[in-house]
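The structure is shown first.

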Amino acid sequence: MDYDMLVIGSGPSGRRAAVQSAKLGKSVLVVDRGRRLGGVSVHTGTIPSKTLRETVLNLSGWRERGFYGRGYRVKQDISVGDLIQRLHKTLDHEVEVLQHQFMRNMVKSARAAVKFIGLNKVSLTADNGDYSEVGFANALIAVGTRPHRPRDVPFDKTRVFDSDEMLELERLPRTLTVIGGGVIGVEYATIFSALDVPVTLVEPRNTILDFVDREIVDDFIHQMRDRGMTIRLGSAVKEIASKPDHAEVTLADGRTIRSEMVLYAAGRTGNVGALGLDVVGIEADSRGRIKVDPQTFRTSAPNIYAAGDVIGFPSLASTSMEQGRVAACHAFGVPLPPPPETFPYGIYAVPEISTVGQSEEQVRENGGAYEVGVARFRETSRGHIMGVDTGFLKLLFSIETRRLLGAHIVGEGATELIHIGQAVINLGGTVDFFVNNTFNYPTLAEAYKIAGLDAWNRMGRA
């Protein structure tokens, strides 16, 4: 059978493209080789790690420790079972919603491995060996990524794990070493630290989270060290050894780190190996990423698109969804307005980090006078009520136009609060918006008014 749109993968970009195509009245087939719909996002990535984080924060009593001290716990002995129970419940719900969404929009789905055999044809091979061929007018490659697993790392699911395998732990580690200071490494390192597991974070480069405003990252690192985490920056890993009773990481500078378990979270690789991309003239780079037109997400093959993690940065579920929608609209000739210039980035570590617009480093690089406004959460009444004694909001304004250029937050609720900054930036708002508007009281969002006034005091009236 032929379809107007074939979607390979059912993660955020795949499902959004499928539903968008169906809403345009097109016939759609979504093919995924996983046991259930949802892709990496639902089963090993976004949803599981965020669910794990929420469970840990609730059961450990982390959010209440500002009041009751570091020894406070809601549940004394937290087991893997406690964490997994909530995880499965959440994942079942996500899959159910997705299946219902496909059913409502008459999107067909199949479980099979896909291989291109022409510019308008793929072969589907099911687990039981059943083979079929399907024709398509347009296709979207949304196969996502998997953890990068170098040959010299002894992954054994006993001592050494990748980020997917962390969801299959049989017991919580007594000590943990995390290799890789990217988003995934930092999220898992801080989640286990919130469970009072001694954690060492190793990053070969001298910095972590390069795309985030430096002042935010510096504060974040300070908070991690303050609660007892060990951070080794600028230390390349020479060797990882799995021993009977511990894992041993040897660094290039000669130091060794012993821990019960090691999480290797240094990069990811696109799942493109078995797709037969050469048949359609599409090339992937050494990490399995596909190059696309950044406006339309079209690959070098005119009727084949790619979206989501498989095209690289920013590798966010939120941006992936939008990429899938844009690709589907372009495929069927539906014009779209240009996207807003900024989108928010959320890092679900403990504490959260969220950022939108330009960092202070970028503002400096672009030239032009600017002013900074800062509000610490402990300055808000809501912060006191919640027992929040860390975290802050930083706003950057142009002195010439008074417009908000960037908003950056580290602390409780950062990923929710950032949307106020996003709206103001994309609507061209100025420092005067924050000064003249009334915010709910007491809230953490009131920090926007405090930060606005902080900058306004130095900028003066318009």
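In this predicted model, the crossing of helices α3 and α6 is left-handed. On the α3 side, the contact is formed by Ser-49, Lys-50, Leu-52, Arg-53, Val-56, Leu-57 and Ser-60; α6 contributes Glu-187, Tyr-188, Ile-191 and Ala-194. Sorted by class, the contact of α3 with α6 comprises six nonpolar, two polar and three charged residues.

The geometry of the pair is as follows. Helix α3 spans residues 46-60 and helix α6 spans residues 183-194. Their axes lie 9 Å apart, and the helices pack at an angle of about 20 degrees. Because angles under 35 degrees count as roughly parallel, α3 is described as roughly parallel to α6.

Helix α1 can be considered next. It covers residues 12-23, and its 12 residues reach 17 Å from the first C-alpha to the last, close to the 16 Å expected at 1.5 Å a residue. Of these 12 residues, 10 are buried, so α1 is largely enclosed by the rest of the structure. The buried positions are Pro-12, Ser-13, Gly-14, Arg-15, Ala-17, Ala-18, Val-19, Gln-20, Ser-21 and Ala-22. The elements against which the buried residues of α1 pack are tabulated below.

| Element packed against α1 | Residues |
|---|---|
| β1 | 2-8 |
| β2 | 28-32 |
| α2 | 39-43 |
| α5 | 80-104 |
| β6 | 131-141 |
| α8 | 317-331 |

After α1 comes Gly-25, which has a positive phi, near 80 degrees.

Note on methods:
Residues are numbered from 1 along each chain as its sequence is written. This is a predicted model: local features need pLDDT of at least 70, side-chain atom pairs count only at pLDDT 80 or more; totals for chains, interfaces and linings use all residues. Side-chain values use heavy atoms; hydrogens and water are left out. Helices (H or I, at least four residues) and strands (E, at least two) are DSSP runs, numbered from the N terminus. The expected span of a helix is 1.5 Å times one less than its number of residues. Buried means under 20% relative accessible area, exposed over 50%, partly exposed in between (1.4 Å probe, protein chains only). Contact means heavy atoms within 4.5 Å. Axes are lines fitted to C-alpha atoms, for helices over the stretch in contact, and angles run from 0 to 180 degrees between N-to-C directions. Angles under 35 degrees count as roughly parallel, over 145 as roughly antiparallel, 65 to 115 as roughly perpendicular and the rest as oblique. A crossing is left-handed if the near helix is turned anticlockwise from the far one by less than a right angle, and right-handed if clockwise. Ala, Val, Leu, Ile, Met, Phe, Trp, Tyr, Cys and Pro count as nonpolar, Asp, Glu, Lys and Arg as charged, and the others, Gly among them, as polar.
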